[in-house]
Amino acid sequence: MTETHSTAARGDSGPEAARLVASRVLDVPDFPKPGVLFKDLMPLFADGKVFREVIDGIVSYHGREAFDVVVGIEARGFVVAAAIAYATGVGVVPVRKAGKLPRPAHSVSYALEYGEATLEVHEDAFTAGHRVLVVDDVLATGGTAEATLDLVERAGGTVAGFTVLLELGFLGGRERLAPRPVHALLTV
């Protein structure tokens with residue numbers, strides 16, 4: 001494992017925030033399959049001081065009054081969403097993989113590199129006009145993010161923002177989500 005650390009780190013909240021995230025990302029080769037370089041954010045989550053700085057930075061970027069609820073995308077997005085919701089005193093809503101929610105849910109299916117996936121959110125998760133901040137750990141190709149943003153809107157929410165800790169810029173996810181704004185603390 002190696003650290004994803006660069007003195008020339010860049011992100012939408014500036015080089016200091018980008019360096020902070022980069023300092024706590026570990027590269028894990030050949031996970032989950034040979035040839036893939038997995039970006040492990042668990043060291044960031046495990047470092048209380050750094051995690052607090054990251055969450056405070058996200059809240060500062062969007063502003064405490066810019067959203068009514070935070071959506072976390074399964075599963076590491078739940079960690080980020082819960083912390084932001086707690087810090088701002090708003091609710092948190094999970095977007096789950098198919099079959100994990102106990103009540104009627106909206107669902108959306110989308111293509112993966114090798115197959116298809118389905119995400120769901122409870123039908124009553126939002127009231128009309130709810131301003132929703134959507135968060136996840138990593139933005140790669142944008143398929144999961146695009147499906148989630150569409151799902152939030154179909155369920156009656158208004159996307160107020162989309163934030164990730166790490167964007168794999170070379171995979172084009174930001175372009176796929178256009179014209180919706182993307183906020184990434186670190187882009188590699």
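# Strands, helices and a pocket

Me: Which residue of E5 does Ile73 stand opposite?

Reply: Ile73 stands opposite Val95 in E5. This is a predicted model, in which local features need pLDDT of at least 70 and side-chain atom pairs count only at pLDDT 80 or more, while totals for chains, interfaces and linings use all residues. Residues are numbered from 1 along each chain as its sequence is written, and side-chain values use heavy atoms, with hydrogens and water left out.

Me: What makes E4 and E5 a pair of strands?

Reply: Strands are DSSP runs of E with at least two residues, and helices are runs of H or I with at least four, numbered from the N terminus. Two strands pair if DSSP finds at least two bridges between them. Five bridges join E4 (residues 69-73) to E5 (residues 91-97), so the two strands meet the condition for pairing. Their directions are parallel.

Me: In what order do the seven strands of the open sheet stand, and what makes E6 and E10 edge strands?

Reply: The order is E6-E7-E5-E4-E8-E9-E10, with mixed pairing. E6 and E10 (183-187) each pair on one side only, and are therefore the edge strands.

Me: How do you know that H1 lies across E9 and E10, and which strands does H5 touch?

Reply: Helix H1 (residues 15-22) runs at about 65 degrees to E10 and lies across both E9 (158-167) and E10. Such angles run from 0 to 180 degrees between the N-to-C directions of axes fitted to C-alpha atoms, for helices over the stretch in contact. H5 packs on the sheet and touches E4, E5, E6, E7, E8 and E9, where contact means heavy atoms within 4.5 Å.

Me: Why are 21 residues of the largest pocket's lining called nonpolar?

Reply: They are so called because Ala, Val, Leu, Ile, Met, Phe, Trp, Tyr, Cys and Pro count as nonpolar. The lining also has six polar and nine charged residues. Of its 36 residues, Phe38, Arg76, Leu112, Ala140 and Thr144 lie nearest the centre of the pocket. E8 gives the most to this lining, with four residues.

Me: What is the omega of the peptide bond from Phe31 to Pro32, and where does Pro32 lie?

Reply: Omega is near 5 degrees, and the bond is cis. Pro32 belongs to the loop between E2 (26-29) and E3. Asp30 is in the loop between E2 and E3, and its phi is near 60 degrees, a positive value in a residue other than glycine.

Key: On a 1 Å grid over the protein atoms alone, a cavity is a set of points where a 1.4 Å probe fits but cannot get out, and a pocket is an open set with protein on both sides within 12 Å along at least five of seven lines; lining residues have an atom within 4 Å of a point.
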